[in-house]
Amino acid sequence: MRPRLLVAASAVLMAGWIALGSTAPALAQAPSGEPKQAPPMPAPKSSQPAMPQPGDAFGEEVTLPDRTIVYLKGHTNWDTAFDTLLDAFKSLNDFLAKQNVKPAGPFLTIYTETDDTGFSFQAAATIAQPLANPPKGDIAMDKGPSGKALKFVHRGSYDSMDATYEAITNFLDDRQLEAKDLFIEEYASDPVKSDPNNLVVNIYVPVK
């Protein structure tokens, strides 16, 4: 499960992450005298991020550049979050391909509102120049978030980001920093094509 972000006007943006575990279903007993081999269980998703590598940022102060994004706005629950984002990125790819435009940077997820059940987001792609004919309907074009932020690097599965966000929350609390009411994930490894258990995600937390 992806962490839940509890947004409050006067509280740290990312307080209260909840990491949920899972239990394997019990195997039914075979009838007496007829032993059966249990089917292989799927490999469990890691609940812990991969070890950081030298040079990975954790709380590094950066300035997000001015940039134009094309994005698809949506809302999803936490159980289907990653699949929903993948579908959104595929839709963006299809749209840009029809416009003969290549993304000018990694995919982004901009979280605009979250609660215990799900979150609202903008699944975005950066483009080098504004489109001559702005998109209509579900896909829109705008300026992406810019300005000062703290950068953190996550390695591992989408589900294992709970632990990374908990560490980010502790980092902010220890330094008495207050985040703005949004945060950004930048996928250094293409989530559509990469091994979902070995993602590299830059997390940007704009602070007040």
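These are my notebook entries on what I looked up in this structure.

**Entry 1: the model**

I am working with a predicted model, in which local features need pLDDT of at least 70, side-chain atom pairs count only at pLDDT 80 or more, and totals for chains, interfaces and linings use all residues. Residues are numbered from 1 along each chain as its sequence is written, and side-chain values use heavy atoms, with hydrogens and water left out.

**Entry 2: the sheet**

I began with the strands, which, like the helices, are DSSP runs numbered from the N terminus (helices: H or I, at least four residues; strands: E, at least two). Eight strands form an open sheet in the order S1-S6-S8-S7-S3-S4-S2-S5, with antiparallel pairing, where two strands pair if DSSP finds at least two bridges between them. S1 and strand S5 (139–143) are the edge strands, each pairing on one side only. From one strand to the next the twist averages 35 degrees, taking axes as lines fitted to C-alpha atoms (for helices over the stretch in contact) and angles from 0 to 180 degrees between N-to-C directions.

I then looked at S2 and S5, which pair in the antiparallel sense over five bridges, and I noted that Ile-69 stands opposite Asp-142 in S5. Helix H1 (residues 81–98) packs on the sheet, where it touches S2, strand S3 (107–114), strand S4 (118–127), S5, S7 and S8, and its direction makes about 30 degrees with that of S4.

**Entry 3: a residue in S2**

I picked Thr-68, which has its place in strand S2. Thr-68 counts as buried because its relative accessible area is 8%; buried means under 20%, exposed over 50%, and partly exposed in between (1.4 Å probe, protein chains only). Leaving out residues up to four places away in sequence, Thr-68 touches Ala-125, Thr-126, Ile-127, Pro-130, Met-141, Asp-142 and Lys-143, a contact being heavy atoms within 4.5 Å.

**Entry 4: helix H2**

I checked the length of helix H2 (residues 161–174): at 1.5 Å a residue its 14 residues should span 20 Å, and its end C-alpha atoms are 20 Å apart, which agrees. The expected span is 1.5 Å times one less than the number of residues. Among the buried residues of H2 are Tyr-165, Ile-168, Phe-171 and Leu-172. The buried residues of H2 pack against strand S1 (58–64), strand S6 (147–156), strand S7 (183–187) and strand S8 (199–206). Just after H2, Gln-176 takes a positive phi of about 55 degrees.

**Entry 5: salt bridges**

How many salt bridges does a search of the whole structure find? I found three, counting a side-chain nitrogen of Lys or Arg within 4 Å of a carboxyl oxygen of Asp or Glu.

Asp-56 pairs with Arg-155, their closest N and O atoms being 2.8 Å apart. This pair links distant parts of the chain, with Asp-56 in the segment before S1 and Arg-155 in strand S6, 99 residues apart. Asp-56 is partly exposed at 23% relative accessibility, whereas Arg-155 is buried at 19%.

Arg-67 forms a salt bridge with Glu-186, with the closest N and O atoms 3.8 Å apart. Arg-67 lies in the loop between S1 and strand S2 (68–77) and Glu-186 lies in strand S7, so the pair ties together parts that are 119 residues apart in sequence. Arg-67 is buried at 15%, and Glu-186 is buried at 11%.

Glu-178 and Lys-208 meet through their side chains at 3.2 Å, N to O. Glu-178 is in the loop between H2 and S7 and Lys-208 in the segment after S8, 30 residues apart. Glu-178 is partly exposed at 28%, whereas Lys-208 is exposed at 57%.
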